[in-house]
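These are my notebook entries on a single protein chain.

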Amino acid sequence: VLTGYDSFEYARQCCRLEVHDFLLKPVDGPDLEQAVKKQLDLLRAAREEKERQQFEYRMEGITEQYWQEKLCRDLVKGRAKEEELNRLCRERRCSLCQEVQAIVVLPVIEKEKSWKDHYEYQYLTAKNLCISLYDACGQGLTFEDELGRIVICMFAGKQYDEVEERVRDLKEILSEETGRQVNLLIGCRAEGLKYLQTSYEDA
């Protein structure tokens, strides 16, 4: 704060607002320069700290997603360990007894080669959409199987037609966002996360 008012009330308000410097006019050039440099250093440090936190958050998210994907791949191959499954349930706030259905996302490959140019981008778009629609809302788990296909372990509700309705909505969203037709293969209902392999193989 740079002011011509020598008021204790102003100084007290500045303290309450966590002002870094209170300069009274007339101010010396070096004092003003030092105050501005101090502010720049504080802003720079705050920006660097924010960037560091964002990087750590992204890395943590990538590590968690990698761990989840590996566990889900093990799960559909019948190799998942129970302690890992319990950890997954704790972290994703789901139950081992939660009914699930596997949904396999298959893009429709056109005869012309133009689809190849953007396939990787469209694949990532589709996968990120599935993560935001299911994982982020606690309605499922998205992973990539050993053949590189997107698989959703969808938590099933009590109504049997509910999953089919959600799948129809998903197909429409994926087609709109990627500009490509997709086939969604729905597996049978499995009576718990540890039986996901049955639903996956059915799909």
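A helix here is a DSSP run of H or I of at least four residues, and helices are numbered from the N terminus. I note at the outset that the model is predicted. With that definition I placed Q122 in helix α4, which covers residues 114-135. Is Q122 buried or exposed? I found a relative accessibility of 13% for Q122, and this counts as buried because the cut-off is under 20%.

I looked at the start of α1 (residues 8-16), where a side-chain oxygen of S7 comes to within 3.2 Å of the backbone nitrogen of E9. Just after α1, I recorded a positive phi of about 60° for E18. E18 sits in the loop between α1 and β2 and is exposed, at 64% relative accessibility.

I looked up R93 and found a positive phi of about 50°, although R93 is not a glycine. R93 belongs to the loop between α3 (82-92) and β3 (100-107), and with 77% relative accessibility R93 is exposed. I also checked the peptide bond from K25 to P26, which is cis, with omega near -10°. P26 is in the loop between β2 (23-24) and α2 (29-76).

Side chains of opposite charge can pair when their charged atoms come close. How many salt bridges does the model hold? The count comes to 17. I examined three of them.

The side chains of D21 and K38 meet at 3.9 Å, N to O. D21 is in the loop between α1 and β2 and K38 is in helix α2, so this pair ties together parts that are 17 residues apart in sequence. D21 is partly exposed at 25%, and K38 is partly exposed at 38%.

The side chains of E146 and R79 form a salt bridge at 3.1 Å, N to O. This pair links distant parts of the chain, 67 residues apart: E146 is in the loop between β4 (140-144) and β5 (150-155), and R79 is in the loop between α2 and α3. E146 is partly exposed at 49%, as is R79 at 45%. I also found E146 and R79 in a network of salt bridges with K70, D74 and K77.

For R149 and D145, the closest N and O atoms of the salt bridge are 2.8 Å apart. R149 is partly exposed, at 27%, whereas D145 is buried, at 3%.

Which residues gather in a patch of negative charge on the surface? I listed E165, D169, E172, E176 and E177. D169 lies in helix α5, residues 161-178, and is partly exposed, with a relative accessible area of 43%.

I then looked up a nonpolar patch on the surface, formed by L2, L32, V36, L40 and L43, with about 430 Å² of accessible area together. Helix α2 gives the most to this patch, with 4 residues. An α-helix has 3.6 residues a turn, so residues three or four places apart point the same way. L32 is found in α2 and is partly exposed, at 34% relative accessibility.

Technical notes:
Residues numbered from 1 in each chain as written. Predicted model: local features only at pLDDT ≥ 70, side-chain atom pairs only at ≥ 80, totals over all residues. Heavy atoms only, no water. Patch = residues over 30% accessible without salt bridge, like charges linked within 9 Å, V, L, I, M, F, W, Y side chains within 5 Å. Areas by Shrake-Rupley, 256 points an atom, 1.4 Å probe, with all protein chains shown as cover. Salt bridge = Lys/Arg side-chain N within 4 Å of Asp/Glu carboxyl O. Lys, Arg positive; Asp, Glu negative; His and termini not counted. Charge placed at Lys NZ, Arg CZ, Asp CG, Glu CD. Helix = DSSP H or I, 4+ residues; strand = E, 2+ residues; numbered from the N terminus. Buried < 20%, exposed > 50% of the residue type's maximum accessible area, 1.4 Å probe, protein only. Polar contact = N/O pair within 3.5 Å; in protein donor to acceptor, adjacent residues only side chain to side chain.
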